[in-house]
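Please have the model open while reading.

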Amino acid sequence: MTDAESRLFTLGLLRPSPGGGRVAISPESAADALLAPLEQDILQRRIAMATTRARLHSLSGDYLEARSLRSAKSSIEVVEGIDNIRAVLDDLARTCVKTLEALVPGRFPEEAIRAATPLDLETLERGVKTRQLWQQSTRKYWATVQYAETLIAAGAQVRTTSVLPSRMLIYDRSCAVLPLDPMHTAAGVALVRDPSVLSFLQQLFEHYWDRALDFSEEDQKSGPEPTGVERDVLLLMAAGKKDEAIAHQLGMSPRSVSRIVARLMERLGADSRFQAGARAALNGWLS
């Protein structure tokens with residue numbers, strides 16, 4: 001058999017004849033013979049997909065009922081385990097329709113930014129009014145600046161402030177998410193739906209929001225009197241806080257705090273932290 005005949009035979013365009021030779025088959029007939037098993041397999045897969053989809057859709061009523069029962073059952077619900085927390089946050093974000101307010105202390109890991117960005121943009125595309133409040137120290141990191149610019153371009157409002165009490169998310173002003181342990185947010189969260197508690201948490205958010213600086217605004221330049229982060233460091237230093245405690249509270253590195261403290265003491269002409277605090281008070285910098 002020649003190479004050409006072999007290829008034609010493989011394609012089903014040649015078949016053995018009863019007389020011992022070979023007979024040519026039309027391309028249409030060959031196509032039907034070759035593709036029939038594949039088409040049958042595709043048909044069976046489509047039937048299986050349709051069956052699975054119908055089965056999952058039939059559970060929508062049970063799911064919605066379970067959600068309503070869960071919400072009505074308790075005004076405070078505890079969710080533990082990182083996978084469960086992520087599932088609940090994903091569900092709340094995708095079902096949020098009006099507002100989303102967030103207090104987000106600390107630095108953003110780049111992997112967290114990559115994971116959060118698609119869901120944030122999807123929420124904004126649905127017209128959800130989003131306000132995020134971050135710590136001022138995040139302005140120093142390129143990845144965070146890019147993240148903020150992306151959110152702002154999509155319609156979010158982002159502000160920064162020096163100190164934030166804890167991580168907090170408020171969805172549609174009807175459900176707040178708080179960490180069980182602010183130092184270990186992955187350990188568990190509490191979902192709060194009690195109206196009186198939600199009202200307090202909303203006021204807490206507004207308190208910090210009104211005193212924050214828009215991310216797009218430039219930081220104020222320091223004059224003779226400390227402003228911004230320098231003033232926050234000075235106030236905590238005057239309260240007797242050590243550098244490590246100040247760094248933890250402001251979301252900064254201890255080395256950065258030490259440099260700011262040294263700069264403030266030099267400006268005040270002080271030889272000790274106590275003397276710096278006394279002179280700052282005399283200058284009216286602590287009022």
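There are five aromatic pairs, where rings of Phe, Tyr and Trp (its six-membered ring) pair if their centres lie within 6.5 Å, with planes under 30 degrees apart counted as stacked, over 60 as edge-to-face and the rest as tilted. The pair of Trp-134 and Phe-215 is edge-to-face, at 5.7 Å centre to centre and 75° between the planes. Trp-134 is in strand β5 and Phe-215 in the loop between β10 (213-214) and α8 (228-238), so this pair ties together parts that are 81 residues apart in sequence. Helices (H or I, at least four residues) and strands (E, at least two) are DSSP runs, numbered from the N terminus. Trp-134 has 0% relative accessibility and counts as buried; Phe-215, with a relative accessible area of 9%, is buried too. Here buried means under 20% relative accessible area, exposed over 50%, and partly exposed in between (1.4 Å probe, protein chains only). In the pair Phe-205 and Trp-209, the ring centres are 5.7 Å apart and the planes at 20°, so the pair is stacked. Phe-205 and Trp-209 both belong to helix α7 (residues 195-210), where they are four residues apart, about one turn of the helix. Ring pairs also join Phe-108, Trp-134, Tyr-147 and Phe-215 into a cluster.

This is a predicted model, in which local features need pLDDT of at least 70 and side-chain atom pairs count only at pLDDT 80 or more, while totals for chains, interfaces and linings use all residues. Residues are numbered from 1 along each chain as its sequence is written, and side-chain values use heavy atoms, with hydrogens and water left out.

Apart from neighbours within four places in sequence, Leu-92 is in contact (heavy atoms within 4.5 Å) with Tyr-171, Cys-175, Val-177 and Leu-191.

What volume does the largest pocket have? The space in this pocket is about 1,000 Å³. On a 1 Å grid over the protein atoms alone, a pocket is an open set of points with protein on both sides within 12 Å along at least five of seven lines, a cavity is a set where a 1.4 Å probe fits but cannot get out, and lining residues have an atom within 4 Å of a point. Of the 36 lining residues of the largest pocket, Leu-89, Ala-112, Ala-116, Arg-167 and Leu-169 are the closest to its centre. The largest share of this lining, nine residues, comes from α5. The structure also holds one cavity of 30 Å³ or more, lined by Asp-120, Thr-123, Leu-124, Thr-130, Gln-132, Leu-151 and Ala-156. For this cavity too, α5 gives the largest share of the lining, three residues.

The last topic is backbone angles. Most residues other than glycine have a negative phi. Asp-172 has a positive phi near 55°, and Arg-173 one of about 55°. Asp-172 is partly exposed at 22%, and Arg-173 is partly exposed at 44%.

Key. Grid points are joined across faces, edges and corners, and a volume is the space filled by probe spheres set on the points.
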